[in-house]
Amino acid sequence: MSRSLIVLPDDSAEPIVAAIAAASTSIRIKMFVFSAPVLLEAVIGAKHRGVQVRVMLNSARRSGEEDNEATHKALERAGIEVKDANPAFDLTHEKSMVVDDDTAFVKSLNWATRNLTVTRDYAVVTRHPHEVKEIIECFEADWQRKTFAPGDDSHLIWCPKFGRERICQFIDRARHTLFVQNERYQDSVIIERLVRASRRGVKIHVMARPPHTLDTDKLVEGVGGLRILDD
């Protein structure tokens with residue numbers, strides 16, 4: 001099979017660590033938060049084995065909080081090429097890794113200990129050549145500060161290019177069931193599509209983060225979308 005699924009925290013960091021340990025030529029990493037010691041050690045170990053490692057890290061959250069400064073310095077000390085993510089975007093929320101140009105990881109999880117041990121997260125591992133090529137092309141475009149332009153034949157959903165459109169199309173094609181899991185539901189267009197699907201008879205199962213666990217500044221937007229879906 002060209003794709004497989006990693007489920008966190010059940011599968012632990014082991015599949016990711018094993019992939020890094022198996023790398024023989026190159027590793028590309030793009031990450032929103034990178035702080036887990038076990039993964040930092042694995043990446044530095046790959047560099048010491050002679051693997052070409054390049055890392056792009058989100059520079060700061062919209063609040064100005066910096067999560068990656070210590071990791072950035074540790075990677076540089078190890079001789080690893082590391083850059084802030086493309087400044088064309090307010091933030092880079094992508095979490096991906098490509099190993100040896102033939103295996104790509106697309107993840108919901110940050111490389112933080114909490115995401116590896118406590119939170120429910122997923123990673124899709126793909127060896128499909130078209131999908132791996134897309135992720136490499138996006139990485140190289142961001143690394144070189146160029147524009148990434150996925151074509152209409154893109155297998156992946158890229159934001160901000162056409163993310164909302166592709167997700168809406170997916171919802172609109174549903175005929176019987178939809179299982180949706182997300183931290184918050186706040187995009188009015190996506191919410192409208194889910195409501196329309198429900199009204200045409202699609203059974204929708206929605207899972208969200210409990211409101212009492214949300215930060216205060218995210219509480220209203222987090223609960224508002226759920227109220228609309230509930231109504």
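**Note on a two-domain predicted model**

1. The centres of domain 1 and domain 2, taken over C-alpha atoms, are separated by 28 Å. Domain 1 covers 3-144 and domain 2 covers 163-230, with bounds that come from an automatic or database domain assignment.

2. This is a predicted model, in which local features need pLDDT of at least 70 and side-chain atom pairs count only at pLDDT 80 or more, while totals for chains, interfaces and linings use all residues. Residues are numbered from 1 along each chain as its sequence is written, and side-chain values use heavy atoms, with hydrogens and water left out.

3. Isoleucine 20, leaving aside neighbours within four places in sequence, is in contact (heavy atoms within 4.5 Å) with residues including Leu39, Val43, Met97 and Trp111.

4. Glutamate 140 belongs to helix H5, residues 129-143. Glutamate 140 counts as buried because its relative accessibility is 17%, given that buried means under 20% relative accessible area, exposed over 50%, and partly exposed in between (1.4 Å probe, protein chains only). Residues up to four places away in sequence not counted, glutamate 140 touches Arg28 and Arg54.

5. Tyrosine 122, in strand E7 (residues 121-126), has 32% relative accessibility and therefore counts as partly exposed.

Note on methods. Helices (H or I, at least four residues) and strands (E, at least two) are DSSP runs, numbered from the N terminus.
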